[in-house]
Structure formats: C-alpha cells, structure tokens
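Hello,

I am handing over a structure that you have not worked with before. Please look at it first; my notes on what was found follow.

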Amino acid sequence: MPRQLSLLVKGVDFANRKPRSRGTIPRRFEIATCVPGEPVRLALEPDNPADTNAIMILSARNIQIGYVAAERAPLIGRHMRQGDEVRAIFQEATRHGAVIRVSLDGSEPILPEPRIPEARPAADEERYYSDPIWPDD
C-alpha cells in the first residue's frame, strides 16, 4: 500500500523573492495556473531563518507556491534527507490556498476522489421561526 498524504500549502499570501531578470509572480496567481495531477517539486530550505525544517513547494513552472506546513515538514524532510524518493503532485486549489498530494515511498501520487462541495441548505420551513403575532386587545 503506497504511503501517501495530502498536505495544505502554507504561506500562499506571501510574496516570492524577486528574481534579477524578471518581476515576481504572486503565489496565488501561480496556484490558479496549476492543474490537478501536474508535478510539483519539494525543496529543503535548511538556511530559512524562520524554520530550519522549511520545505519550499515549486510548481511545474519552477515558481514557488508556498511551503509545507511546519507540523509536517520534519516528517517529509526526514524522508528527503534519507534519500527516499518523495514525489508530489498538485491536488487542488482551495479558498485558503492549495493542497498537494505527496508520496513518501517513491510511488506515483494518486489524486483522491474530488470532494463534492456541500450545498447550502435551502430555506427550510421547519427551521424558520417567525415573530409571534399577538392578538389585539
């Protein structure tokens, strides 16, 4: 059984570092161009001043879309440092950023079944409580 998990992409609202030759591309814009199933690259950032366990997530176009969450970075980073083949694909864009799918055993990550958004409840007459109508005295 493949060892796979879905991970939230963190830091999507921060600006990318500006390359010398061209302007910076916002992370959310890059996320909007990502297609479910396309590969993403994970890169260790041991010199990151905020977290020595930081793992940068790069799109198929080599543009940063964010980071692995600090809670999951030690686990993923340990596998990467041990030489395990860690593979990742873009899973989906979300309202708060994005989700990637990661395989820790070198197998091809498999997208889970898409989530069906919950429909908003229709006006339910049984839950509607009108103001009481008091008789005129």
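I started at Glu 45, which, beyond its neighbours within four places in sequence, is in contact with Arg 17, Asp 51, Thr 52, Ala 54, Met 56 and Tyr 67. Please keep in mind that this is a predicted model.

Glu 45 sits in the loop that links strand E2 (39-44) to E3. Its relative accessibility is 9%, so Glu 45 counts as buried, the limit being under 20%. The side chain of Glu 45 also makes a polar contact with the side chain of Asn 48, at 2.8 Å. Between Glu 45 and Gly 77 there are 9.6 Å from C-alpha to C-alpha, while in sequence they are 32 residues apart.

Next, the strands. Six of them form a closed barrel in the order E1-E4-E3-E2-E5-E6, and the pairing is antiparallel. From one strand to the next, the twist averages 40°. Helix H2 (residues 73-81) packs on the sheet and touches strand E1 (4-10), E2, E3, E4 and E6. The direction of H2 makes about 90° with that of E2.

Strand E5 (residues 87-94) and strand E6 (residues 97-103) run antiparallel and are joined by seven bridges. In one of the pairs, Ala 93 has Ala 98 in E6 as its bridge partner.

The last item is Asn 62, in the loop between strand E3 (55-58) and strand E4 (64-68). Asn 62 is not a glycine, yet its phi is positive, near 65°. With 48% relative accessibility, Asn 62 counts as partly exposed.

Regards

Technical notes: Residues are numbered from 1 along each chain as its sequence is written. This is a predicted model: local features need pLDDT of at least 70, side-chain atom pairs count only at pLDDT 80 or more; totals for chains, interfaces and linings use all residues. Side-chain values use heavy atoms; hydrogens and water are left out. Helices (H or I, at least four residues) and strands (E, at least two) are DSSP runs, numbered from the N terminus. Buried means under 20% relative accessible area, exposed over 50%, partly exposed in between (1.4 Å probe, protein chains only). Contact means heavy atoms within 4.5 Å. A polar contact is a pair of N or O atoms within 3.5 Å; within protein, one must be able to donate a hydrogen and the other to accept it, and residues adjacent in sequence count only if both atoms are side-chain atoms. Two strands pair if DSSP finds at least two bridges between them. Axes are lines fitted to C-alpha atoms, for helices over the stretch in contact, and angles run from 0 to 180 degrees between N-to-C directions.
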